[in-house]
Amino acid sequence: MIDRRSFVQKAAKVAGGGTIIFGSTFKVSLAKNAPINPVLGVKALFFDMFGTILDWRTGVAHSVEKILKPLGYSLDWFEFADEWRSLYGPGMEEVRSGRTPYVSLDAVHRRMLDKVMARFEIRGLPDKVMEDINLSWHRLDVWPDVANALPRLHSKFLLAPVSNANISMIANVVRRNNISFDAVLGADIARDFKPKAIVYQASAEAFALEPEQCMLVSAASHNVDMKGAASAGLKVAAIERPDEHGAGKSSVTPKVPVDMLAKDLNDLADQLGV
């Protein structure tokens, strides 16, 4: 098991729209006392965020349009969002490979934004405008099923985002959407990006749980994430999310083995008996 002192430098508890940052003495007695759910023996649900909880494509497209359209720009805003997202993986690979030190996803997005702007032949925007565009990822909305399903799941499980997003980004989208988690885990805790095993294992360790007591909940098309979680010892649940990349454009059938497949989060709650 990973030495928690090497990665638990901070954790964020998000509840009722408020955010509290804890130091390395963050206590997890709640996790130790949580009952093991009879389905799969799981105590905690770890959520991928972009595409699983958050409709990133619509949110980014609308945010960028709101900023650039008044400045006289006219373009396919969804294509812009798609192009930006397509650089997400390569940007993080610089960190995963060890070629560069860990930086937040905000920093990765900002580096990639310059490339997207060049592709759309947009140049010379003030730094303040560029930073506002970069914050589009902080202004995303959840899928319609999240508001009802998350409280159901929270009644029986510990819940936490295990995302490549930095804590400040997650805190902002959580407050925006008035949703609640027990902690914010993932990349900022592990100082690395998924699908590296340390991200999943560090998140389980932060709750004082074994990996097999945790389950990653991910959009069904996120095969790399689900494979990474399973390889790290977690259970895996896939949510269909057919509209992540546009209406009906995302695969609803995982290409890797999963422990559960659900149409949406309410269906997952039904299957988990909550």
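Predicted model: local features only at pLDDT ≥ 70, side-chain atom pairs only at ≥ 80, totals over all residues.
Modeller: Residues are numbered from 1 along each chain as its sequence is written, and side-chain values use heavy atoms, with hydrogens and water left out.

Colleague: Why does Tyr-102 count as buried?

Modeller: Buried means under 20% relative accessible area, exposed over 50%, and partly exposed in between, with a 1.4 Å probe and protein chains only. Tyr-102 has 15% relative accessibility, so Tyr-102 counts as buried. Phe-193, with a relative accessible area of 0%, is also buried.

Colleague: What makes Tyr-102 and Phe-193 an aromatic pair, and why is the pair called tilted?

Modeller: Rings of Phe, Tyr and Trp (its six-membered ring) pair if their centres lie within 6.5 Å; planes under 30 degrees apart count as stacked, over 60 as edge-to-face and the rest as tilted. Tyr-102 and Phe-193 are 5.3 Å apart centre to centre with 45° between the planes, so they form a tilted pair.

Colleague: Which parts does this pair of Tyr-102 and Phe-193 tie together?

Modeller: Tyr-102 lies in the loop between α4 (88–96) and α5, and Phe-193 in the loop between α9 (187–190) and α10, so the pair ties together parts 91 residues apart in sequence. Helices here are DSSP runs of H or I with at least four residues, and strands are runs of E with at least two, numbered from the N terminus.

Colleague: How do you know that Arg-85 lies over the face of Tyr-88?

Modeller: A charge sits over a ring if NZ of Lys or CZ of Arg is within 6 Å of the ring centre and within 35 degrees of the ring normal. Arg-85 lies over the face of Tyr-88 at 4.1 Å from the ring centre, and over that of Trp-56 at 5.1 Å. Both Trp-56 and Tyr-88 belong to one aromatic cluster, whose members include Phe-80 and Phe-120.

Colleague: What makes β3 and β6 paired strands?

Modeller: Two strands pair if DSSP finds at least two bridges between them. Strand β3 (residues 44–47) and β6 have 4 bridges, so they pair, in the parallel sense.
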